[in-house]
Amino acid sequence: MEKELRDKARELLESGQVGTVIGYEAGSAPFKCAPLYARTPEEAERLVWNPTCVNNLAVYLPQAVKQGPVAVVVKPCDAKSVVELLKENQVERDDVKTIVVPCPGVLNLDALADVDLSDVRSVEWTDDGIKVTTGSGEVSIPKEKAFLPKCLSCALGDPEIADIKLGEQPVRTPVVDSKMSVEEYEKLSPLERREFWAKHFAKCIRCYACRQACPGCYCKECFADKLGQMWVTRSTDPTTNWFFHMTRAMHLAGRCIGCGECERACPMGIPLSLLGKKLEMEVEDMFETRPGEDAEALPVLGSWKAEDPDPCPEE
Amino acid sequence: MESKVISKQDIAPWLKGLAEKYDVIAPVTEDGVTRFKPVDDPSAIDLGPTPAKSGIREHFTPETETLFDYKLEGLSAEVTPPEGIKKDRLIFGARACDAAALRYVDAVYSNVEPVDTPYFDRREHTAIVGLFCNKPSWTCFCTEVGDFMMNPINMDVYLTDLGEKYYAEALTPKGEELLGSSQFQPATGADKQAVEAHRESVQAKLPKPVDHAKASESYDWDDPIWQKLAEVCLGCGACSFLCPTCHCFDIMECAKGKKGSRFRCWDTCQFDKFTLMGHGHNPRPSRVERTRQRVFHKFKYSPERYGMLGCVGCGRCVAVCPVNIDIRKVIQEIESEDKVSA
Amino acid sequence: MCENPYVPKLATIEKVIEETWDTKTFRAVFDDEEYREAFTYEPGQFQIVSAFGVGEATFCLTSTPTRKGFVEFSVKKVASVTSALHEMSEGTTVGIRAPLGNWFPYEKMKGKDLWFVGGGIGMAPLRSLLNFCLDNRQDYGKINIIYGARTTGDFSFKYEFDEWAKSPNTELFLTIDKAEEGWDKNVGFVPAYVTDLKPSPENAVAITCGPPIMIKFTLPNLKELGFADEQIYTTLEMKMKCGIGKCGRCNIGQYYVCTDGPVFSYAQLKDLPPEY
């Protein structure tokens, strides 16, 4: 698969179809990868595709396309971000080519908790999970433990925007229902939910890693950074943290495609993708539409249809 | 000062005995994330093999700190400064890197008068019991930038895990006082040898020292690496906020009608508005300048100004960066021909 | 425990002068009598003024320490704190943290001819040194003041022009960007006016402050006239918060503009990374 990826990237660059291929390269450890902007055939040789490729590279698109057409390596989940960016006119269709890779699931670093990380040589896919090779042998980890929760509940096939398909997506059997974590959450009473989020937001240090890692957060000036009208200060007291996170969640309602980068980037372990998922479900219930599926559609909360639910009671 | 040992079972009673004089702060794990928090019950302490996710920094430079309260009355105003620390604190289980980082922050906050009094108030009223790292993380490189793992600084007591017990060395008079508790017994020659052998074996697996301060003299302002980093860096503050030597802050107002407070909160040179002036000019307008600033500040400007690196090799920035920007690799690349072994 | 340096001293606004459509000068007096009596500073230093409820902002001390009992700061309305200050009337309490930073090395300027080159609001920090030198007139040679503004409506300190021009062995050169009816003095940008006036570098010092674009063109012009790097001084503006070298924001290389500056000679600036 890596050979096909590199060949394809080289072809795109040499033919001048794109100026940059954004993909993954080996990171500073065998269980990590790093984003790569490949602009020459030599750089294209560094592209990899393995279980460590967790990043959603669509986050780089709005800036990258300013230099010209870009190809981006995407998993089916990441490809949904491309749909949203197209929908919201952050990239032109002609400026982006998606290279869709077949994805069995990507690595949950917690799975390596019992492995000596300094001794890891490689992380590869097996038929039912991953294989970690260390200096002292091989460790097989089944997918329930090896993959991120979003991968376990993934039912995605070919994405909507798939300019180049490097193979068929594996047949998926979601082992965990995608709504499970939300179902657990929905069992909580409103007061319990309030306490749940209050406890988590109290941990927030306002590093904004969640926001910066999110392809949906591309605003040139975030509401949280405004100095003229200061909507929210950078105090980390629970109320201010709550305001920031809830407002951001509302700004992403109907636009969050559940890539989970926010939660992965968060250094404090706040379950942010739960918030995104819950709001995605609310929007689906109300407007019968899901984000990341139709690039021609209008943004759901940026448009109005006569059939939209009307919360105002009849006279 | 005489070295001692304490059985692991006696740690809890020892800390409980100190509760009257000290508020104990120790690593506690919640939802899989370990942070230093005040603990009433020592059994909640999770010393773990590898260093905690975040260090002890927030107990000296808090994420948010009230500088003073104010009250408005007509055209005039009244200002109330905050109270100082009321009770001493004892930080238990700090790593050598985190304690060593305090030397750097001390230097920054006292380099020019007036000194940062709230910070030094906290420093003065805090005892630190450190812990030798049995199992450094894959991101640890403290030995590359200093020798404080073997020769700790800014600690009162240094503990080394010997399995069933800890070997305890007092490094200051305060430390001696702490080890005066009945739970401590004198260490034997065998204990001492075991500790030395153990420490040597851990150190052997860690990187060798490199004179980064010397190498930084020839850093290239226009190195192409800054462009590369700028493209990949997300511009969040995770690296800075988990860094024990980072000390930058913003000052803001929390106004509630006629009263309010002025507070300071963590800030980072990685945020785009850090150096933005009121009339729109920004000396560091892109991530090219900002990624360069982070590296230059820690490895070049700090040795120039304070005579020491602004990095203690704790590796937290490496562990937390969502896009795997590894400062060890960055330094290696910009030092390539100039790398000098200390 | 020493005093908390982040807590400002209370001061009351005694006078508000409307300089231009967007600039006001405030005169403030410290509330605490003992502090007021003991307070002193050097020309070139700055202060951080609090508009309680909004925040703090940095302003140069535009008054001179030779005139005691008060401090002055000139505020151009650009953002929230400056807007809040502009709303204030006489009698309002503000907070002041001062004096901060380094100052003009006036000792080294004694006996020399001085060329003040100011543009727009950049005149404010220069005014402190200018009035200081005029109050110690015998210590300095010929004093020349070049002051440029976009239009006649953009000049500050107009009420002091007479005093400056009439001071012994002192000359005031005003210039505006574009000709205006009734204006019989120079028309043109400050850097060009400097070249026209041909200041002699012989036993002279130039002190300049103004918008970045003005400084960018004035410095090479002074160099071309023969001024050595050590003979040119400027005062820099950077975003500041703590003002005491702790918050890490205003650095240029290893130097903090708030403690190692804001006054720098061109000789020092040349060696700094180009990040200001």
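Guide: Let's start with how much of chain A is tucked away: 43% of its 315 residues count as buried. Keep in mind that this is a predicted model. Chain A is built from 12 helices and nine strands. Along the principal axes, its C-alpha atoms fill a box of roughly 65 × 45 × 40 Å. Among the contacts in chain A with a separation of 6 or more, 66% are between residues 24 or more positions apart.

For a close look at one residue of chain A, take A:Leu61. Leaving aside residues up to four places away in sequence, A:Leu61 touches A:Val70, A:Val72, A:Leu85, A:Val91 and A:Val96.

A:Tyr208 sits in the loop between helix 8 (190-201) and helix 9 (209-213) of chain A. Its phi is positive, about 65°, although A:Tyr208 is not a glycine. Is A:Tyr208 buried or exposed? A residue needs 20 or more C-beta neighbours within 10 Å to be called buried, and A:Tyr208 has 27 inside 10 Å, so A:Tyr208 counts as buried.

C:Asn203 has 11 C-beta neighbours inside 10 Å, so C:Asn203 counts as exposed.

Now back to chain B, which is divided into domain 1 (4-64 + 84-204) and domain 2 (212-338). The C-alpha centres of these two domains of chain B lie 27 Å apart. Where they meet, 25 residues of domain 1 of chain B are in contact with 20 residues of domain 2 of chain B. On the domain 1 side, the elements giving two or more residues are helix 2 and helix 4 (142-145) of chain B. The largest share of that side, nine residues, comes from helix 2 of chain B. By class, the domain 1 side has 13 nonpolar, eight polar and four charged residues.

The peptide bond from B:Glu113 to B:Pro114 is cis, with omega near -10°. Chain C has a cis bond to look at too, joining C:Gly261 and C:Pro262 with omega about 10°.

Chain B also touches chain C, and that contact takes 43 residues from chain B and 39 residues from chain C. Elements of chain B that each supply at least two residues to this contact include helix 2 (96-110), helix 3 (117-124) and strand 11 (249-256). Strand 11 of chain B gives the most to the chain B side, with six residues. By class, that side has 25 nonpolar, 10 polar and eight charged residues.

Let's finish with helix 12 (residues 327-335) of chain B, where B:Ile327, B:Val330, B:Ile331 and B:Ile334 are buried. Why do these buried residues line one face of the helix? Look down the axis of helix 12 of chain B: its buried residues fall within an arc of 95°, so they line one face. Helix 7 (212-215), helix 8 (225-232), helix 10 and helix 11 (316-320) of chain B are among the elements that cover the buried residues of helix 12 of chain B.

Notes
Residues are numbered from 1 along each chain as its sequence is written. Chains are lettered from A and ligands numbered from 1 in the order in which they are written. This is a predicted model: local features need pLDDT of at least 70, side-chain atom pairs count only at pLDDT 80 or more; totals for chains, interfaces and linings use all residues. Two residues are in contact if their C-beta atoms, placed from the backbone, lie within 7 Å. Helices (H or I, at least four residues) and strands (E, at least two) are DSSP runs, numbered from the N terminus. Ala, Val, Leu, Ile, Met, Phe, Trp, Tyr, Cys and Pro count as nonpolar, Asp, Glu, Lys and Arg as charged, and the others, Gly among them, as polar. A residue is buried if 20 or more other C-beta atoms lie within 10 Å of its own, exposed if 12 or fewer, and partly exposed in between; C-beta atoms are placed from the backbone. The arc is that of the directions from the helix axis to the C-beta atoms. Domain bounds come from an automatic or database domain assignment.
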